[in-house]
Amino acid sequence: EDELEWANLPCFLSRAEELKRYIQGLDLDQARKLWQCNEKIALLNYGRFKEMDLERRLTPALLSYEGIQYQYMAPGVFEQGQWDYVQEHLRILSGFYGLLRPFDGVEPYRMEMQAKLAGFRCSTLYEFWGASLAEALAAEDACLVNLASQEYSKAVRPYWGTQRRWVECTFAEEAGGKRREKATQAKMARGAMVRYLAERQAREPEEMRGFDRFGFSYDAAASSPDHFIFVKGA
């Protein structure tokens, strides 16, 4: 198969370099505390950071993530028009890189947005990124559809303000008269929503209302203009 080439370097590369230097200065035990992981995963990532070059042998960002959301977005089988669409409309939040476009070149890394940074100039990544991610997004568009988890959207939401449009989505399951958002299902749906929008080349958030995958359907009565609620099993 043709390997897709990366197109650009991330916009906050110098900030990622700063985080890289910080991690390279940690010993293995400190790095493991930062990553909150087992020894095997810590060793792998510690080795990666020691060798890391943020400008060479890179992979397009959208193809380098393996989480549930990305599996259900299935970028590996996008057609060219869908790639063009996500490059224009999709932005990925990253604890390490800040903000990524799908074709930005990245190295494999481990860095959760809620990581605690001991012995660094900021104690959290939220503090490190501050308003910069919201400002970069707002410079591109005054309307944002949030399909990120709370851990990541929290890095943008406080700085977005009320002058710009923020559209929230909830994917809930109804059982016994109660509605609950289940983490895994919500991740699947958020990934599938990106694919749905790319397939339709959607231009307005309202086009999301037709989403009907995994048994979800739009609940007009429960939704508001900026909060779309999708329910399964209703």
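So, let's start with helix α2, residues 28–35, where A31, L34 and W35 are buried. Buried here means under 20% relative accessible area, exposed is over 50%, and partly exposed is in between, with a 1.4 Å probe and protein chains only. If you look down the axis of α2, the buried residues fall within an arc of 90°, so they line one face of the helix. That arc is taken over the directions from the helix axis to the C-beta atoms. As a reminder, an α-helix has 3.6 residues a turn, so residues three or four places apart point the same way.

Quick housekeeping before I go on: this is a predicted model, local features need pLDDT of at least 70, side-chain atom pairs count only at pLDDT 80 or more, and totals for chains, interfaces and linings use all residues. Residues are numbered from 1 along each chain as its sequence is written, and side-chain values use heavy atoms, with hydrogens and water left out. Helices are DSSP runs of H or I with at least four residues, strands are runs of E with at least two, and both are numbered from the N terminus.

Back to α2, then: what do its buried residues pack against? They pack against α1 (13–24) and α3 (39–51), where contact means heavy atoms within 4.5 Å.

Let me stay with α3 for a moment. The angle between α2 and α3 is about 110°, and their axes are 9 Å apart. The axes are lines fitted to C-alpha atoms, for helices over the stretch in contact, and angles run from 0 to 180 degrees between N-to-C directions. That makes α2 and α3 roughly perpendicular to each other; the cut-offs are under 35 degrees for roughly parallel, over 145 for roughly antiparallel, 65 to 115 for roughly perpendicular, and oblique for the rest. On the α2 side the contact is made by L28, A31, R32 and W35, and on the α3 side by E39, A42, L43, N45, Y46 and F49. Sorted by class, the contact of α2 with α3 has seven nonpolar, one polar and two charged residues. For the classes, Ala, Val, Leu, Ile, Met, Phe, Trp, Tyr, Cys and Pro count as nonpolar, Asp, Glu, Lys and Arg as charged, and the others, Gly among them, as polar.

Next pair: α6 (residues 80–89) and α11 (residues 183–200). These pack at an angle of about 115° with axes 8 Å apart, which again counts as roughly perpendicular. Which residues meet here? From α6 we have Q82, Y85 and V86, and they meet V194, R195, L197, A198 and E199 in α11. By class, the contact of α6 with α11 comes to five nonpolar, one polar and two charged residues.

Now α8, residues 132–140, where S132, L133, A134, L137 and A138 are buried. Their cover includes α1, β2 (92–94), β3 (98–100), α7 (125–129), β5 (143–146) and α10 (157–160).

On to some single residues. Q69 sits in helix α5, residues 68–73. Is Q69 buried or exposed? Buried, at a relative accessible area of 19%. Leaving out residues up to four places away in sequence, Q69 touches L147, K187, R190 and G191.

E181 is in the loop between β7 (178–180) and α11, and at 40% relative accessibility E181 counts as partly exposed. With residues up to four places away in sequence left out, E181 touches C169, T170, F171, A172 and A186.

E207 lies in the loop between α11 and β8 and is partly exposed, at 34% relative accessible area. Beyond its neighbours within four places in sequence, E207 is in contact with Y196 and A202.

Last, the backbone. Most residues other than glycine have a negative phi. R57 has a phi near 50°, a positive value in a residue other than glycine. R57 is in the loop between α3 and β1 (59–60), and it is exposed, at 64% relative accessible area. Q201 also has a positive phi, about 55°, although it is not a glycine. You'll find Q201 in the loop between α11 and β8 (216–218), and it is partly exposed, at 35%.

That's my tour, so over to you.
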